[in-house]
Amino acid sequence: MALAACLLGATGKAQAPNTPASGASTATESSPVAGAQQQLYTASGENGAKTTQGSFAGSVVTGKATSGVIDLSLDDAVQRGLRQNLGLILQSSAEKNASGQRLEELQALLPTVTGTAAIEVQQINLAAFGLKFPGLNPIVGPFQTVDFRAYLTQNLVNVSALQNYLAAKHNFNAAHLTAQDARDLVVLTVGNGYLLCIADSARIDAVTAELATSKLSLDQANAAHDAGTSPKLDVLRAQVDYQNEQQRLISAKNEFEKDKLALARAIGLPLDQQFNLTDKVPFAALNGVDPQTAFAQALKTRKDLQASEEQVKAAEAEKKSAWAYQLPVASFSGDFGDLGTTPGHSHGTYSATGQITAPILQIAKTRGQEQVAGAQYDEARAKLADQTQQVNQDVRDSLLDIQAAEKLVDATRSNVELAKEALDEAQQRFHAGVSDNLAVSEAQAQTEQANDQYISALYQHNVAKLALARALGAAQTNYKDYLGGK
């Protein structure tokens, strides 16, 4: 299914060309931003973060709402999201976690030094050890010893530990790249939420204009009925149409406020903060994008794809580590300290040990570890191959959506003009007494449908361009260029 079509289906705002205009929204409808974001996230390839899809719809709120109304541009909303979006914050934490695991694995390759300071008092019974000497007291002591000592251990050759460190390093690189990719997802989430609010605002303007037209038709019907040239049925029909428009306006305003709340949540704005949208993002065509060239660009810039490549390298290192577990390990350990009865009556002592250890009868364990690591490596490679094709599909889907949406914009714009002309003609005929207002009511319904389809087509076109920027891995840096049609 095409990305923009999925989005519009998820939001419940797009209509097929021949679908009747919808009535008032019900209280059971889900948040459009949440549904649209889930579609965007899924269609844009799996992100390697442990964060959930819903995380990008949340944020960490800082500060308190002001008493005034603030202006919020698309760029302001995106920058707020990049600072406070929950999905990005969680992924940054995952990156720190991977960095800590990398340092833990590095320690196995570095010297480990510990120090101790001890004082010991003893009294020994020689008779308890079977030592009995005539005329000698078997009780020795009490006496004390003080010991200040440093211990050193160092792996000289440990191939398995080295590969474990390399795997942790690649996992950290993957987490870092995934955190960068999460910034694209934040732009996608915030941009989609902002575009939804713009569409809601445009729909309110359209319904307000339609309400004024319905009021004019109602006044005409009342005047004709009072003059005795029109039946009561025309008045009732016009009154029903007028009240339907009132209901649609209430529903449109409610949907607008809900979408503004969802946008505020995604960017960390207090929910009681009043704000105005300053950008309208008008229609701008995007032409001349070659699918193969775009795919080649995406292969170089998609951070989630690069993260998957690092995960393949990590799995390969873990596979080598499992095999290297059967190799000998050369290590060194030693200690040096000062030992005596008191600090003033002591002397330096030391010990040094070099050893080589190797597993002998652990064949089943070693083979099992190799098979597990090998299976994980094969799985990582398969996921990378599939994700590469997913990126290719993302690019091509977005281009198809842009082309289809551009044609829809042209068709629906023309349809709006024709519907308005038909409505004017029907109103004139009714005012002249040539026909009843049934034609007026039908023309009003067609105008409503045409306006709604045009607004949905504009939204669909802009979302498709935003999805293309994400598919190319350029949402954070170039989203304004794509929305502007450059």
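Which helix does S321 lie in? I looked it up in this predicted model. S321 sits in helix α8, which covers residues 303–324.

**Entry on S321.** I then listed its contacts, leaving out residues up to four places away in sequence. S321 touches S160, Q163 and N164.

**Entry on α6.** I turned to helix α6, residues 232–267. Helix α6 has 36 residues. From first C-alpha to last, α6 reaches 53 Å. That is close to the 52 Å expected at 1.5 Å a residue. I also checked what follows α6, and found G268. The phi of G268 is positive, near 80°.

**Entry on α5 and α11.** How do helix α5 and helix α11 pack, and at what angle? I noted an angle of about 35°, with the axes 9 Å apart. Here α5 covers residues 159–226 and α11 covers residues 475–483. On the α5 side I found R183, D184, V187 and L195. They meet A475, Q476, Y479 and L483 in α11. By class, this contact has five nonpolar, one polar and two charged residues.

**Entry on the core.** I looked at the largest nonpolar core, which has 72 residues. Y194, L195, L263, L277, V395 and L468 touch the most other members. Helix α5 gives the largest share of this core, 19 residues.

Note on methods. Residues are numbered from 1 along each chain as its sequence is written. This is a predicted model: local features need pLDDT of at least 70, side-chain atom pairs count only at pLDDT 80 or more; totals for chains, interfaces and linings use all residues. Side-chain values use heavy atoms; hydrogens and water are left out. Helices (H or I, at least four residues) and strands (E, at least two) are DSSP runs, numbered from the N terminus. Contact means heavy atoms within 4.5 Å. The expected span of a helix is 1.5 Å times one less than its number of residues. Axes are lines fitted to C-alpha atoms, for helices over the stretch in contact, and angles run from 0 to 180 degrees between N-to-C directions. Ala, Val, Leu, Ile, Met, Phe, Trp, Tyr, Cys and Pro count as nonpolar, Asp, Glu, Lys and Arg as charged, and the others, Gly among them, as polar. A nonpolar core is a set of buried Ala, Val, Leu, Ile, Met, Phe, Trp, Tyr and Cys residues joined through side-chain atoms within 4.5 Å. Buried means under 20% relative accessible area, exposed over 50%, partly exposed in between (1.4 Å probe, protein chains only).
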